[in-house]
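Here are a few notes to read alongside the model. Keep the structure open while you go through them.

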Amino acid sequence: MVRKSKLSLKLPIAAIMLSILLVLAACSSGAPSGGGGAASPAQTPEPNKPAGKLPTINVAYMPDMNGATPIVIGEEKGYFKEAGINVNAVKFLSGPPEFQAMASGDIDIAYIGPGATFLAAQGKGHIIDIVSLGKSDMVFATKKSGIKEWKDLKGKTVGVPKGTSGEMVLNLGLEKGGLKPSDVNIVNMDVAGAVSAYVAGKVDAVAIWSPYTQEIEKQVGKENMVKLGDNSDFFPDYIFPASWVVNPKFFQEKPELVQQFLKAIAQTTDYKLKNKDEAIKMTAAYTQVPEESLKLQLDSLEWLDNKRVADAFKDGTAKKWYENLEKLFVQNGSLKEVVPADQFIVTDPFLKATSQ
């Protein structure tokens, strides 16, 4: 069975006062990544309590259509049980804290957004599956800031969770506007803090992702937001894959469980692609995120079917996607150099799981 661990998350008082998102309502039980990664504190799951004789895998997810949907479908449709595993689902708000939890041995497998890929490239995790290609990361300025295009960010204050795909889009936008990160006052904030700071007018702009962008719109009104850009502005030079990543130690010790997990995930992929409306309803019930927000998020990403993932793994396309992302990480100082993607992508478990 899937068991959601109860975790504590320290949110800024302003975020609590603003009652951010039913999206964040479940933050008391943990934190997700865009897709991405962020400055949220690391979370620790409850002690593992296997049910019956099935082995339990501690899985980090995010409360969105990429991270949570496979978890709830896998449980509700019995795919995890059928694969011979239990999943202890632990919620996070971003990728970097998930890697911290993997390093401490509390998390075995995690869903991450594009922004946390640099940590896999550093050897802290192996990418084992690709969930989607996204364009849900956006940079919004406040109307009162007077910002209308990228170049106007010079000297302005921008809130962004560091180490996320939101930061990547921000850096690409700054380059497009002829600016450097040093030309802007970039403030590192967790997800809740970035949303509340924007709503309260304490920053001139924010780099964040769906569904949190929808929460900002609810709070301030679309007419008071100035969208500077999103991932799609930088296609096809840069593709933003969201991934499943495994703790290297767990993979070394229990490779058969990784393959079993991927077999179940492959089934959830088939199901969600054929039943998108149901997937939205199931995910909303599981995460307490409004269906409307989840639907908007789904509109801003491209789920990959199992064949496309397999083809990308086999023909080198996936390697190109990740190595291009690494170039951005080198530019922002997260990586010293581009690491050959085959050093942190492990394809055999997925290919074996989907060939059976």
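1. Is Q297 buried or exposed? Q297 counts as buried because its relative accessibility is 2%; buried means under 20% relative accessible area, exposed over 50%, partly exposed in between (1.4 Å probe, protein chains only). Leaving aside residues up to four places away in sequence, Q297 touches D64, M65, S210 and P211, where contact means heavy atoms within 4.5 Å.

2. A word on what you're looking at. This is a predicted model, where local features need pLDDT of at least 70, side-chain atom pairs count only at pLDDT 80 or more, and totals for chains, interfaces and linings use all residues. Residues are numbered from 1 along each chain as its sequence is written, and side-chain values use heavy atoms, with hydrogens and water left out.

3. Now look at helix 3 (residues 68–76) and helix 12 (residues 276–287), which pack at an angle of about 95° with their axes 9 Å apart. So helix 3 is roughly perpendicular to helix 12 (65 to 115 degrees counts as that; under 35 is roughly parallel, over 145 roughly antiparallel, the rest oblique). Axes are lines fitted to C-alpha atoms, for helices over the stretch in contact, and angles run from 0 to 180 degrees between N-to-C directions.

4. Which residues of helix 3 and helix 12 meet? From helix 3 come A68, T69, I71, V72, I73 and E76, and from helix 12 come A279, M282, T283, Y286 and T287.

Definitions and conventions: Helix = DSSP H or I, 4+ residues; strand = E, 2+ residues; numbered from the N terminus.
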